[in-house]
Amino acid sequence: MATVRIPTPLRPYTAGNEYVTVSGATVADALDSLVEQYPDLKPHLFNEGKLRSFVNVFLGEEDTRFLDGPQTPITADSKLLIIPSIAGG
Amino acid sequence: MKVTVSAANLRAIEAHGESTYPNEGAGFLLGRQEGDILRIEGVLPIVNKWETGEQYHRYVLTPADYSRAEIEAMKREVDVVGVFHSHPDHVAEPSIWDRDWAVPNMSYFISSIRNGHAADTFSWRLREDHSGFDSEPIEVLNQEAS
């Protein structure tokens with residue numbers, strides 16, 4: 001099964017786990033699997049059904065935004081990383 | 001959450017904001033949480049990646065910046081625990097833009113830079129419902145007598 005690495009600020013919502021095993025065939029499936037296991041994480045990843053501004057999902061070293069976005073296919077060996085970008089004004 | 005920071009690190013944060021004036025400057029806070037106290041033990045100034053003409057009121061630190069900060073934190077055996085940025089000629093309070101991009105469970109130091117000089121710095125933490133920020137008290141350690 002694929003894994004998702006959780007950044008430190010979001011680990012309070014994954015019982016402190018740095019890595020979470022997820023199921024599914026796409027990035028969207030994987031994120032659904034992640035928040036199904038850890039429902040407290042959902043409002044911090046999503047806002048009105050869309051990923052929050054700071055959330056970037058990488059497949060290895062590739063930003064999935066520049067692949068097929070949520071429909072980017074994954075395999076059982078895939079390693080996804082949630083990496084924040086920090087912005088403001 | 002109470003935040004502690006050395007006078008030297010606080011000066012480094014404010015000096016970065018002064019150096020980028022009239023644009024916004026930003027970077028990461030490294031440290032560790034011990035109970036209800038967050039101890040800032042290092043600062044990592046980062047080059048503002050927002051487009052040049054808009055940096056007077058915007059900043060961005062990229063995922064690559066975040067990953068590098070994590071690696072540096074690991075080397076120092078601490079965590080990435082927050083972010084600092086400056087508000088040129090504006091109050092040291094979060095904007096709506098700050099709120100919309102904020103990451104939970106991090107401290108946000110904001111320094112007001114007036115005419116190129118740091119006026120004050122406050123720390124803020126995103127509410128669990130993302131509706132806004134609450135202020136956090138900052139205790140400055142090793143303050144030299146003036």
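The model is predicted, so local features need pLDDT of at least 70 and side-chain atom pairs count only at pLDDT 80 or more, while totals for chains, interfaces and linings use all residues. Residues are numbered from 1 along each chain as its sequence is written, chains are lettered from A and ligands numbered from 1 in the order in which they are written, and side-chain values use heavy atoms, with hydrogens and water left out.

Chain B holds an open sheet of eight strands with mixed pairing, in the order β8-β7-β6-β5-β2-β3-β1-β9. Its edge strands, β8 (133-136) and β9 (138-141) of chain B, each pair on one side only. From one strand to the next, the twist averages 35 degrees. Helices (H or I, at least four residues) and strands (E, at least two) are DSSP runs, numbered from the N terminus; two strands pair if DSSP finds at least two bridges between them.

Within the sheet, β2(B) and β3(B) are antiparallel and share nine bridges, with B:P45 in β3(B) as the bridge partner of B:G27. Two residues separate these strands in a hairpin, where B:G35 in the turn has a positive phi of about 65 degrees. β2(B) also runs antiparallel to β5(B), joined by six bridges.

Helix α1 (residues 7-20) of chain B packs on the sheet, touching strands that include β1, β6 and β9 of chain B; contact means heavy atoms within 4.5 Å. Helix α2 (residues 63-75) of chain B lies across β2, β3 and β5 of chain B, at about 40 degrees to β2(B). Axes here are lines fitted to C-alpha atoms, for helices over the stretch in contact, and angles run from 0 to 180 degrees between N-to-C directions.
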